[in-house]
Amino acid sequence: MAAAESDRDAPSALCSEFLNFSAKDTALGWLQATDLPKEVYQHLAVYVPKIYCLGPNINPQSEELLAQLLLLAPLEWYLCGEDPAVGLAQLEHSNQRSQLCGHVFKVGEPTYSCRECAADPTCVLCMQCFLGSIHKEHRYRMTTSGGGGFCDCGDTEAWKKGPYCHKHEPNITDTDCSQEDPITPLSADLVARGYNIFSVMLKYAVDMLTWDMEDLLPEGLEPLDRGDTYYCMLFNDEVHTYEQVIYTLQKAVNCTQKEAVSFATTVDRDGRKSVRFGDFQFCEQAKSVIVRNTSRQSKPLRVQVMHSSVVAHQCFALKVLTWLGHIIAYSDGLRRILCQVGLQKAPEGENSSLVDILMLCDSKMWKGARNVYHQLLMSSLLMDLKYKKIFAIQFAKNYERLQSDFVRDDHDREFSITDLSVQMFTVPSLARMLIVEENLMTTIIRTFVDHLRHRDLQGRFQFERYTAQQAFKFRRVQSLIGDLKYVLISRPTEWSEQLREKFQEGVDAFLELLKCMQGMDPVVRQVGQHIEMEPEWEAAFTLQMKLTHIISMIQEWCSTDECVLIEAYKRCLLALSQCHGGFTDGEQPISLSLAGHSVDTIRYQVSQERVSIHLPVSRLLAGLHVLLSKTELAYRCPELLPLSELSPPMLIEHPLRCLVLCAQVHAGMWRRNGFSLINQIYYYHNVKCRVEMFDKDIIMLQAGASMMDPNHFLMIALSRFELFNIFSAADCRKRYRDGNKDVVQQNNTLIEEMLHLIIMVVGERFVVGVGQVEQYDDIRREIVHQLCIRPMAHSELVKALPENENKETGMERVIDSVAVFKKPGVTGRGLYELRPEWTQHFNLYFHHYSRADQSKAEEAQRKRRRQSGEDSALPPPRLPPLCPLFGSLVNLLQCDVLLAIVGAVLQWATEPSGGHWSESMLQRVLHIVGMALLEEQQQLENSCGEEDVTFNFTIKITRPGEAPSNTGSVLALLESLQNAPHLEVHKDMIHWILKMVTTIKTMRERSPATSAVSTCGGQGLEEVAGERDKAEKKRKAEMARLRREKVMAQMSEMQKHFINENKELFQQSLEELEASTSSGPDHSPVCVEVPAAVVCVGPWQSVRADRRQLVTCILCQEEQEVKGQGRAMVLAAFVQRSTVLSKNRRRPPPDPESHDPLFMNPDLAFGTHTASCGHIMHSTCWQRYFEAVQAKEQRRQQRVRVHTSYDVENGEFLCPLCQCLSNTVIPLLPRAQTHSPSADQPSLEQWLKTTGQQVAALHSTHRKQLSDGGEAEEEMEREESSPPKGFRVDHIPMNPFSSSIREMLTTFGTATYKIGLKVNPNDQDSRVPIMSWASCAYTIQSIERLLVDEEKPLFGSLPCRQDDCLSSLTRFASACWTAAPLTTVQTHCMRLLSAVLPDPQVQNAPCILDIDMFHLLVSSVLSYSSINCLDQSGQNVLDSAHLHLLHLITVAHMVQILLTCTPVEVSMDQESGTAEREEEEMICQLYNHLRTHLDSLLPPLSSGWHVWRCVKAGILPFLRASALFFHHLNTTSAPLELHVVGPGQWEALCSYLSLPSNLLQLYHSQLSLLEPLIQRWCCHPAVREALQGGSVLIRFPRESNRLIDLPEDYSSLINQASSFTCPRSGVDKSRAPTLCLVCGAMLCSQSYCCQTELEGEDVGACTAHTFSCGAGLGLFLRVRESQVLFLAGKTKGCFYPPPYLDDYGETDQGLRRGNPLHLCRERYGKIQRLWRQHSITEEIGHAQEANQSLVGIEWQHL
Ligand SMILES: [Zn+2]
Ligand SMILES: [Zn+2]
Ligand SMILES: [Zn+2]
Ligand SMILES: [Zn+2]
Ligand SMILES: [Zn+2]
Ligand SMILES: [Zn+2]
Ligand SMILES: [Zn+2]
């Protein structure tokens, strides 16, 4: 360690040297040197170790600075020959910039690819180029970059159209310059110097980075004085986990966990990190501990002890590479010079250039070094078109070695040089050149095959016995297939002879690969025992999937050149015959005969012998065969084709076996073979594989069948299905009924499957080349059949369609012709619905339907037909004609064997099935008959006469059966079936068939006259048309009826809704009616004086009828009256802290223990919100329920550590009725007693006086109690006036509530206190009642805001549950004082009063600018009862007191608003009437008074009109909230004007609150009383301070908070996030940048680096943020995932769909599809509403209940 200490002061020693150092002189010395490398090395040998790596804690900034001044500056001087500041600027100025953008992508940066113009999906644009390109108007895809790769703007080969953006568009004037060598413009001197210095420095860097000695340096670099200073360097590997490394480091180098985490992070990022610095022994010791600790299970972590000078030079070498990249950015000429230097061959010959050396050492370097030099290659060689080509050739020459290095290495591919292949291979001209000159295609394939050496005896791949090592290798070697795909991705437009030759060589290599796959992973049916171990199957399918696009692309290449196609076909055929050369195995063939035909075939049974799903050679041949048909080669020059060598039975053999295997699996014959086989069958049909598997097998059967006698084909098929014996039996039409039931069942399924196969072989004609169809007809048909199942979203359709190598389905080209797009609402997604005219193309036996799809589609289509009044038959659709090569396939439909099969099944069906035949079997037979009839009809329509119609199915089916069975004809059978009662479901279809037969017969009869055909057809059509008309009428009538019903239903729904919405209104009118009739006369003295309007506060408040309130307990269903002395009833409630209304998010959360919540600050930073689902229980029922939940939870936790969506320990539970999250209950209380007001109510003056006396009396009593009767105190107190008459300080009021209600008062009060302050429950705390009042006030305020935001009237628009919640909450708050010690509440009350009525005995009363007046009103009104209850004078002044308090606080609020309002200059004239003018004058008067108290702190008044408007607007929320409060407190009905939104609100509100509509009269009528008060308010020192800018000044009205504004285009968010770096580590890109939707902060989520400790627990950045920003609640947008995240507390969270939709009305959570996303305001509004309604936690609760997996997520780590 000593050495390290002494070295630490080196930088300061360097300072003096640095002062004397001149970069210019050094460079001049070099210019004159004869041996430049030596001179430069000497310089480096001296300085590099002095600057770099001087210990563990060096300062990177000074390192940077010194390196620039001492090391790089001389290089730059040398290069420029002058001051580099001048020279480089000049170079940059004169540079002819190339048109390539070349912007290198950062991790997470958005990239764009045009789906219409990009040559392949790897061609991407940066955001800037994209926005300036034509592609932003096209269909594009947006992705986030994984880092690396660059913008292809300007690369003409990358884009079919618009290769340049505006910025990179070449100037037409200097197009010729761009072709010129960029070196030419540079001076010869500069070129020479550049060449020299680049050579020296690049060589230095390459030497150092590839240096493998730990203690020595290359010649010329040895340090002058070698100290004993070493580093213990830890290297990255992909074997050990983060945790292992952290643990080991803590042990080995004695560091803290935090340091270990930081080491591990750096090792992971840079590939190496020194973990210890010191002398050799010291480092060796650490190394041995690390090695020892990590070598147990695996190979140990790589650690090296390196001399500090070696490390220093390696650091500088990296710096040099970065510097080179920086310098060449100034000039394309310099860039080319560097390219030359890099690729120049040394005398040693091949692979001796510096770039070669780097490439070949790639896998030996650490990650950081690789990254740096890859960057340099990208910005030099890959940006220079000439050298890109040369580099590509070198890369291709070394391809095999580089790949082998990569396969052996363990780093991810993004850190390998092989990853650069995409930059070269995707350039079509380069790829073509590399194929021709370097035989690249063959090289790639051979390299791939070479790495998979594990084969079986037949030379096929054998993945089953793979070791872990081999499996790892297999995973890595797959990247070669990616390279092959790049090479093949663009098809050649013209072929040279060499290209043909090399491609064919490539095809040969590829066929070798496919031969290794043909027949791999064979299976044998397991009988008796279940298989013991599931065989490995995934590797083979992975390979197949990876190769799928390659196989398709090879076919596409072949299709562009006839010679190539013919040659490939020949070779493929040869390969196939090699695979199955001995497929007869020398056995004697067996002979089959049926229906007068016979055929020889081999002996083989799928159920007994080996069978494989993997037949790529056969399938490639099938693909090529179709191409022969498509290109019409087969007819034009058959002599060139080896058609004679084809043996149709051989062609169909293996595909047929594979299909039979599937059928047998369906039939349950392979159950004992386990899931492995099921999975294989699944993937065989799956959209990812089927194109080159299942589809091609069908084509091969079609090819084979079209070359064979159809009877022979069917007989072979029957034999492979193991059904031949059934149909060849003489009495086959009498199906045996005995025998094993399982076997019968099996055979039924097999027959169904075989019939389905026949339907597919004849009917699947939508491949170009099989049927006469156009491109995209197939995709259109796929879409039609998907939409026949149900309407689907865009992404669902995409998933159901195969993608090509460019990730395109082609769907966009056809979707609009077949479907209508229906936009989504606020939830759900947009859907495509099939256009009705396309339903006639529906084919029930569509080959890509799974069984489930088929039955869903059948049901949907039958339903549709029923709804439109049609019969339920689902006949086959009309089909396109076959291509000539496949033309004879139709004969399958009328061949004797098929007719025999059809006849047999129909015969069986004449008797009700006892299990010996099945409905599906019959349905398929009817379908086949339908197909045949349609075929015949089509042929007749298209022919000129009967003679050329070879298809005569109708004639054949009238023939009776063959001699032995001698039964009726097929037609006769059909006719007899038509009325069979057991075939009701098939009746319509049989009917359709018989009608078709008649139609065709008519056509045939009339056909001799050619014209007749058309008339006949016409007549048929007319008939059909007539029927259609009828059907249409019926349909319309039905539709009309449905519409009527719907309207009726809607109306009754609306009525219900209306009554619900206006429940209160209805009730009120009733109540008012009762009130006026029953008790009207008694109140006449008071009522007369009061206007008829309703009033909610004060002695003249409207009288309401006292009605018993009956409620029902949801748990025991008993009814109960709400009474003060009765059994307590409670309402499930959820209390939460809230910052939704906060106007100051910077305010730190209050300290729970010392916070005094009595006065709410007007910034409303932290409030306590209470909500309820409105469900009522007995308190005892609830307690029992909660205890049960608790017990259950305890048991559950003991058993399994499963979490729930609610936290029982925190008092949480789910409402037993609606499962709504709750954490306490509110007791239901009866409405307050009505006091009949006595005639003389005290005036404000009287009341103030009395209250003053009462307060004084209480003060002295409290003091007495405190000081235990101290003498001095008593003295003082005697001087004070005695309490007013009837006020008895020692009176103990009677508690009006039963014990059960009292208990519930304490329960809810304590819960509010506990949650609101985040403290432990303590029902004795003096703050308990305060929190209850505060929650009441806050909840009312937030509801008032919500109503404004949603533009709803103040009354009547709240849902019942909120109404119920508010009134119980208010009643509770007005009663909660009874549960607390009286003196406590009195003290609170006196302190509250002192805020407006300054009281010398109360200290620290806040100034009026620091008080939220509504909170003050609520608390003072509710606490006043504690003083009032001592008044035993019999005079009831409570209501007057409330009114006086309202008046006082209203005035105070007006003053508060005036003090904070900012009157703007108003220029427009204001028209005002007399009333307004009076108000204006009065407001001016008040304002000027305030000014006199506050001198010039208030600006002079500009316009009274304007200020009055400010005050009115500012006080409105207060008045509205007060109206809600008194409405619920006194249970008065509300005036009708406040049930609607509109004008007249102000007057209605004022009169409801018993206030004058000119509020200023409150002040003017009591000038003498109020003026002194106002003066005292203004003179509070804090007012002055606040107005001078001492604190955050809250202005009124407080605007509702909104969630942050989000950009319209999602990519700007991605862009924003990509430039966001982790705030902790400073440089790292954040992996999960997350945006707070409440305040707009960007956070580094889900990452070690930003974890902080919160309440003794490590939490992620989001959770930490929620505690300061949202009081534990948070709404975030995870930008990379495009996902909204809701968090509540540390344990709750859920994901929510983002407010961004693509053009198809779908979200893209996880950004997987990459469609452009745009903000959907409605959806964002919905999220905002959830937040404002305080429903986020509830939403999380519901999400977690619905999806249990959400409960297990460790939300606190996000
Ligand atoms: Zn760009
Ligand atoms: Zn551009
Ligand atoms: Zn485009
Ligand atoms: Zn009950
Ligand atoms: Zn409920
Ligand atoms: Zn971070
Ligand atoms: Zn925030």
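Five strands form an open sheet in the order 18-17-21-22-23, paired antiparallel (strands being DSSP E runs of at least two residues and helices H or I runs of at least four, both numbered from the N terminus; two strands pair if DSSP finds at least two bridges between them). The model is predicted, so that local features need pLDDT of at least 70 and side-chain atom pairs count only at pLDDT 80 or more, while totals for chains, interfaces and linings use all residues. Residues are numbered from 1 along each chain as its sequence is written, ligands are numbered from 1 in the order in which they are written, and side-chain values use heavy atoms, without hydrogens and water.

- Strand 22 (residues 1683–1688) and strand 23 run antiparallel and are joined by five bridges; Leu1687 lies opposite Gly1693 in strand 23.
- Helix 62 (residues 1610–1618) packs on the sheet and touches strand 17 (1633–1636), strand 18 and strand 21 (1673–1678), contact meaning heavy atoms within 4.5 Å.
- The direction of helix 62 makes about 100° with that of strand 21 (axes are lines fitted to C-alpha atoms, for helices over the stretch in contact, with angles from 0 to 180 degrees between N-to-C directions).

**Zinc ion (ligand 2)**

- Cys129 (SG), Cys153 (SG), Cys165 (SG) and His168 (ND1) are its protein donors, at 1.9 to 2.3 Å (donors are N, O and S atoms within 2.8 Å of the metal, or 3.2 Å for Na, K and Ca; water is not among the atoms, so sites may look incomplete).
- The site is tetrahedral, with angles of 102 to 114° among the four donor atoms (four donors count as tetrahedral if all angles lie between 85 and 135 degrees).
- Cys129 bridges this ion and the zinc ion (ligand 1), and the two ions lie 4.2 Å apart.
- Cys129 in helix 7 (residues 127–131) and Cys165 in the loop between strand 2 (140–146) and helix 8 (175–179) are 36 residues apart, linking distant parts of the chain.
- Both Cys129 and Cys165 are buried (under 20% relative accessible area, with a 1.4 Å probe and protein chains only).

**Zinc ion (ligand 4)**

- Cys1113 (SG), Cys1116 (SG), His1178 (ND1) and Cys1181 (SG) coordinate this ion at 2.0 to 2.4 Å.
- The arrangement is tetrahedral because the four donor atoms subtend angles of 94 to 119°.
- Cys1113 is buried at a relative accessible area of 0%, and Cys1181 counts as buried at 8%.

Conventions. Tetrahedral: all angles 85-135°; square planar, octahedral: opposite > 155°, others 65-115°. Buried < 20%, exposed > 50% of the residue type's maximum accessible area, 1.4 Å probe, protein only.
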